[in-house]
Amino acid sequence: MAETGDSETAAVKEEIKAIQDDFTIPDILPLLPVRDIVVFPFMILPLFVGRENSINAVNQALAGDRIMMLAAQKDAGVDNPTSKDLFEIGSVVMVIRMLKLPDGRIKILVQGLAKARIDEYQQTDPYFKVKITRIDDEDMGKVTSKESLSIEAAMRNVRGQMEKVINLGKQISPDILVIAENLDDPGKLADLVAANLGLKVDDAQKALELVSPMARLKKVSDLLGREIELLGMQQKIQNAAQEEMTKTQREYYLREQLKAIQKELGDIDDRQQEINEFRDKILKSKMPKEVETEAIKQLDRLQKMHSESAEATTVRTYLEWMVEVPWSIATKDNLDLKAARKALDEDHYDLEKVKERMIEYLAVRKLKNKMKGPLLCFVGPPGVGKTSLGQSVARALGRKFTRMSLGGVRDEAEIRGHRRTYIGSMPGRIMQGIKQAGSSNPVFMLDEIDKLGSDFRGDPSSALLEVLDPAQNNAFVDHYLGVPFDLSNIMFITTANMMDTIPPPLLDRMEVIRIAGYTEEEKVNIAKRYIVPRQMDEHGLSAKKLNISDEALKGIIQQYTREAGLRNLERNIATICRKVAKEVASGSEKAFKIVSRDIKKYLGVRVFTSEPEQERNMVGVATGVAWTQAGGEVMLVEATPMRGNGKLTLTGKLGDVMKESAQAALTWVRSRAKRLGVPEDFANNTDIHIHVPAGAIPKDGPSAGITIAVAILSALTGVAVRKDVTMTGEITLRGRVLPIGGLKEKALAANRAGINEMIIPFENEKDLEEIPDIVRKKMTFHSAKSADQVMEWALVRKAVVKKKTGGKTAKKKAPGKKAAKKAGKKPKGRTR
């Protein structure tokens, strides 16, 4: 086969040589458009022809003298080129061989004969027929010795460049170098190199069109220089990639061999196994890029350390924290508003403000996928369900729940963590809670935020400013971890009993939702729906074994609890369940129905009874209401006049503000003594002692001003104060009644105590909307602008209030409740 191939090649060469020695090029030739290649003179190459016009042109050439014109297409993507799509200058070639292929195409072997220019397109169908003009190289004339040296140098340079290109990996036949060494014509050398260099069509066409041999050689030299530069850069990139690949493969092979040796020897490297496990966990945790870089850095440090060193233990603990923090784990919010509302209603009774706020958040979250979590602060007395409400919110949203108590926290490191330089350091409580929740977007409850402390170790409230600020908590950095964590997706809920002790900058960042105490009816409903079933379940009792009536629940609330919340109520119900459980466990099979008369049997003697002063109208004893951390409380103010020299004595552990209120009330009474029917000289011969039980409990605030004024006036005039009226309001020296806070809690306290009339400042009338409807229907509220109105409503029988009428002094009787009914009209100022 090789001998046959050699004989065929020799025959072709002989045939080509005979043609080159003697051939004439006709002026009219068929044209074959070619794509992606420029054919140079003396170039031999195979071509595949598939277009119908092109096949017709080849057949026409084969039918004649086998000579045809080849012109390159300007755009290889054109399937049916026109004269405008072809270059003007091409090559005249001879078809040496032709082979028909099974797919209808033909394969031809052609050799370039000469360059030619297309002068005219005489025919375009069924094939192109063109009129051409042969183009010969410029005659270089007589060459001087100096020019000959220049030509020789240029040719040697091109040969050297060609050799360098081949050495850099260009796929060119080495025979080309042999042929190039034997060529003396610069034009033919340029054509040879250009034909075998694999140039782009535009570059090759520009070289073809140059008529000057030296100009063409220079052009080819420039193209070779660019090719050398590209090949050098390509080889550099390949070498770098190969070197990196080799290094990686080498490390991989060495590690695998080491493992195999250890396995064969039975020497399992626990430390290496630990390193590999850490690496796998780091990659699987999908940390942010910055965090992952730090984790890998610390892992590399651990790998270089001695396993028993103290620092290795510190780094190992740090890496354990890094891989256990839920960097990319998040729960999907439950955006079904009806289902969320149902979940909230199942867990808590009433609390409409909180529930509405959660539904609003979910509605916005449903419309906007990415939003920052709200920062809520539930403020209310103990036992109203603030903490359990946070758990209910988490359940409604479908999120994890975690809680952190801030009561007594004094160290800033409790929030931000300790730096790793300290022995026993660990992350702060925030990151601990997130790790415990196992989610990056839990409901995070910060309990008792009003009880934060501060000392020489720092101020935790200042550290919480960053945690609770939506504008900056997206990059919270714990001192221990030292990398940022995004807290903006967490819903923070804080709780407090009072807002006075919360730092103002912290309070400013929170949306405050007040949760007041419950009414008696609300407590009964909550006990029936939630507390009794829960306690029965905890004590193993079924509904058939125990039933507590509504009257019994009311009795427990009135006689054994006096609170805004529900803790004592639940405690007493638990006591009843325990006693019933003891009976059942002892063998009793009867069903226990607890009614009001049975309460004493299970709970003992009643704890709370009506105060003796409240059972009848008394002189010098006024009933007020006060706001406390536990909600509202009824407060009695006692005033007693004695012989003396005008001294005012205050007892009952009163604060400075309350003492000043008592002084202001006395001053108002003295300034209006004549009109109020009080002896004008009482300030000179009468001492007044004001006492507010219970004496061991601290009391302060200005809201008892009108209560003290009523008690003083009652004591000085002998007019009794109505036992069924309570009051609150600050008094001024001119007798104006100023607004107070905590009206809802105070009204609920009055309602719990069975007092159904309340005197409030006129400016607090707007706050009545916050009081539950059931309480407003039971109670009557009097809105007072002045202390005179307060006296009219608070005193039982006439208080001497002189009023000028037509220049005369008239006595006006202050009508009480019965007097108002008899007159057929409501007392002045009544709002309900």
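## Aromatic pairs

The structure holds four aromatic pairs. Rings of Phe, Tyr and Trp (its six-membered ring) pair if their centres lie within 6.5 Å. Planes under 30 degrees apart count as stacked, over 60 as edge-to-face, and the rest as tilted.

Y121 and F128 make an edge-to-face pair. Their centres are 5.9 Å apart, with 75° between the planes. Y121 is partly exposed, at 25% relative accessibility. F128 is buried, at 6%. Buried means under 20% relative accessible area, exposed over 50%, and partly exposed in between (1.4 Å probe, protein chains only).

The rings of F444 and F492 have centres 5.6 Å apart and planes at 35°, so this pair is tilted. The pair links distant parts of the chain. F444 is in strand β9 (residues 443-447), F492 is in strand β12 (residues 491-496), and the two are 48 residues apart. Strands are DSSP runs (E, at least two residues), numbered from the N terminus. Both F444 and F492 are buried.

## About the model

This is a predicted model: local features need pLDDT of at least 70, side-chain atom pairs count only at pLDDT 80 or more, and totals for chains, interfaces and linings use all residues. Residues are numbered from 1 along each chain as its sequence is written, and side-chain values use heavy atoms, with hydrogens and water left out.

## Charges over rings

The charged end of K188 sits over the ring of F42. The distance to the ring centre is 4.9 Å. R420 lies over the face of Y318, 4.0 Å from the ring centre. The rule asks for NZ of Lys or CZ of Arg within 6 Å of the ring centre and within 35 degrees of the ring normal.

## Cavities

There are three cavities of 30 Å³ or more. A cavity is a set of points on a 1 Å grid over the protein atoms alone, where a 1.4 Å probe fits but cannot get out. The largest cavity has a volume of about 70 Å³, taken as the space filled by probe spheres set on the points.

Lining residues have an atom within 4 Å of a point. For the largest cavity they include K372, L375, V467, I490 and F492. The lining divides into seven nonpolar residues, three polar and one charged. Here Ala, Val, Leu, Ile, Met, Phe, Trp, Tyr, Cys and Pro count as nonpolar, Asp, Glu, Lys and Arg as charged, and the others, Gly among them, as polar.

## Cysteines

The structure holds zero disulfides (pairs of cysteine sulfur atoms within 2.5 Å). C377 is buried, at 0% relative accessibility. C577 is also buried, with a relative accessible area of 0%.

Note on methods:
Helices (H or I, at least four residues) and strands (E, at least two) are DSSP runs, numbered from the N terminus. On a 1 Å grid over the protein atoms alone, a cavity is a set of points where a 1.4 Å probe fits but cannot get out, and a pocket is an open set with protein on both sides within 12 Å along at least five of seven lines; lining residues have an atom within 4 Å of a point.
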